[in-house]
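Please view the sequence and the model first.

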Amino acid sequence: MRRSVSYKFRSGKGARSATEMRVRRKPSDRRLNRLLRARFSILRTSASGLYGFGAIASILGGRPHYIHFGWFLVSVANLVVIVLMIVVFVLALVLPFPHGREKR
Amino acid sequence: MSAREAPSTWTGRVRRTVFGALPPEKLLAEEQPAYVASWVYVFGVLTIASLVAVVGSGIVLVIFGPTWWHVSGIGRFVNSIHLWSAEAFFFFMAIHLWTKFFMAAWRGRRALTWMIGAICFLAAIATAFTGYLSQQNFDSQWISTQAKDGLNASGVGSVFNVLNTGQMLLWHVLLLPLVLILLVALHVLLVRLRGVVPPLPADRRRTPAKEDPAYPSAPDPAIEWKGAKRRYDLIKELVAAVGAIMLVVVILGAVFSSPDEKPVTIAQWAKVEPADFLTTATAELAGASDSATYGPPYTHTPGAGQNILDSFSLARLAGVRIPLDTAKAFVLRPLGIPGKSDPALAAALARYRSASPSQRRLWTDNYTKALERVSFSAGAPVVASGNYGPVALMMRDLLGQAQSGGLDGALLANGRFYQTDYTKPLLLLSDGSYLTELAQRQNLLGSQWGMMNETGNYPGQAWLWLYTFWYQVPPFTTSDNADAQIWAIMAVLSLALVLVPFLPLIRSLPRRLRVYRLVWRDYYRRVERGAG
């Protein structure tokens, strides 16, 4: 027959069970626990926040948008990237570059 | 040993050579020539910053394993950063390549710098390609089944099996990044060693008689610049670039996430399109499917395997390295599993195995014709009565096995505990039309410029535009050897990109196009102003 055992580490008013001993920690540990909980709460909020962006993400995840020019087919996303590359390249060529002090 | 005495050890010789050519003050210089005054110079460091973001996010993905990003919000976010930083890497690398071409940056013993840079671009394409193959979603399934043809046609497929997910994952997370990082490091060291290429000579008609010594009109690209210089903080620029890129990719990842279409299973295929599954499976049994008659590296089919020229085939040269008997692999062996506890199925299998080839062909031909008018009752195929031998029962049971998910597992089973090779299930899926129909809806077919495209509205591999272009034009649109021929063309063009500094017509283009006048406009203004 299994015997029910309750371990007491202290007598009288301050007596605590082994389970309590494991759970209850010194004040600095409790502060650490609170801090960790807060940190993980931030992480959880961030993760759900990221899922909250699903509405925006679905813009790219929905029905594909493509442009046809005769036999040429290009996705709007790829076209945006290619046009952006050309624009950035041209801007890099024509925009003035800030000059530092010159040494001769 | 005195300082002037030549070192006698290998270590000493290496130290003297390395630090003699590239002393720390040259490697981490705090000054640079005054002509380096254009925004086009930031694309190199932005490319490296993007690579840092790719590698950093990749390391996090490696730590948590290949399935983490499919099941975790944080994982998906990190994968999104990985995707967008890879896009940024190619974005800036391509612009960096354009600028260096227009500056004829290979002048003055800098051809090797250009060549290593071009090889970096090709290595990056291979690294990104294996990344797409390692996604373990619909996109990676489709890409692998399509890419295999080009690789097999070039003879590479027999060693580099794109259908083997485990192999591709290892190439992606270890071999190719290692090669790419080493190449980028070598490229940067060469840039530091040779210095930034000086401007092309100024127009003599506009050059005054008295030159400013700080701005020589025709600097020799082979010797170190002795003209005007400016202060420059290499590390600060790199840190700022990494910070800027991280900010951009984190925002893009958070806002746009990353695509992850669920992979197609054989169970899903068999449930959604059972007739297509049965037709494909019967073709596998009859040895008449695409895979059964593919040729190297899967089968010994006479004459099969694409030719590059006339009858010259790299695929046949590489030989059959991944042998496949579709009847056994896709039908008979999987059915043997339930056959152990099903006497009727066991008898059907025994009857089929003992029949003559002509008898088997008659049964499979009759059943294939009957499948044109197949209907389904309680999930089981119903065909007009005919001489199908044991094939009707076998196919009915195979459909049931497939619909229950048993065939997905049976095709992966290799007698060992762990499975990473998806060659068989992917080949079976690609022989049917279900996978193709799904890909067509996403504009992923070769005829739809599919190599460039991504599922949904995400930007894809735009850098493959030239490769996918050839598939849209004759004679490749109708050629049976299109993959082999296009691979050969791309190999030649890739070699040409690497060898640009030595190609007479191409290397003179920057001088004719005169885009460099915009890059170095401040320098030319100073030269044309002259001394005083």
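## The hairpin of chain A

In this predicted model, strand β2 of chain A (residues 72-75) has a covered face formed by Leu73(A) and Ser75(A), and an uncovered face formed by Phe72(A) and Val74(A). Strands are DSSP runs (E, at least two residues) and helices are DSSP runs of H or I with at least four residues, numbered from the N terminus. Strand β1 of chain A (residues 66-69) runs antiparallel to β2(A), joined by 4 bridges; two strands pair if DSSP finds at least two bridges between them. Ile67(A) has Val74(A) as its bridge partner in β2(A). The hairpin has 2 residues between its strands, and Gly70(A) takes a positive phi near 65° there.

Residues are numbered from 1 along each chain as written, and chains are lettered from A, with ligands numbered from 1, in the order written. Local features need pLDDT of at least 70 and side-chain atom pairs count only at pLDDT 80 or more, whereas totals for chains, interfaces and linings use all residues.

## The nonpolar cores

The largest nonpolar core holds 117 residues, of which Phe89(B), Met394(B) and Met395(B) touch the most other members. Such a core is a set of buried Ala, Val, Leu, Ile, Met, Phe, Trp, Tyr and Cys residues joined through C-beta atoms within 7 Å; buried means that 20 or more other C-beta atoms lie within 10 Å of the residue's own, placed from the backbone. Helix α5 of chain B (residues 73-102) supplies the largest share of this core, 15 residues. Apart from this core lies another, of 8 residues, including Leu314(B) and Tyr471(B).

## Domains of chain B

An automatic or database assignment divides chain B into domain 1 (40-260 + 504-529), domain 2 (266-438) and domain 3 (439-495). The C-alpha centres of domain 1 and domain 2 of chain B are 45 Å apart. In contact (C-beta atoms placed from the backbone and within 7 Å) are 16 residues of domain 1 and 20 residues of domain 2 of chain B. On the domain 1 side of chain B that touches domain 2, α7(B) gives the most, with 7 residues.

## Where the chains meet

The contact between the chains takes 36 residues from chain A and 38 residues from chain B. On the side of chain B that touches chain A, the largest share, 7 residues, comes from α5(B).

Terms used. A residue is buried if 20 or more other C-beta atoms lie within 10 Å of its own, exposed if 12 or fewer, and partly exposed in between; C-beta atoms are placed from the backbone. Two residues are in contact if their C-beta atoms, placed from the backbone, lie within 7 Å.
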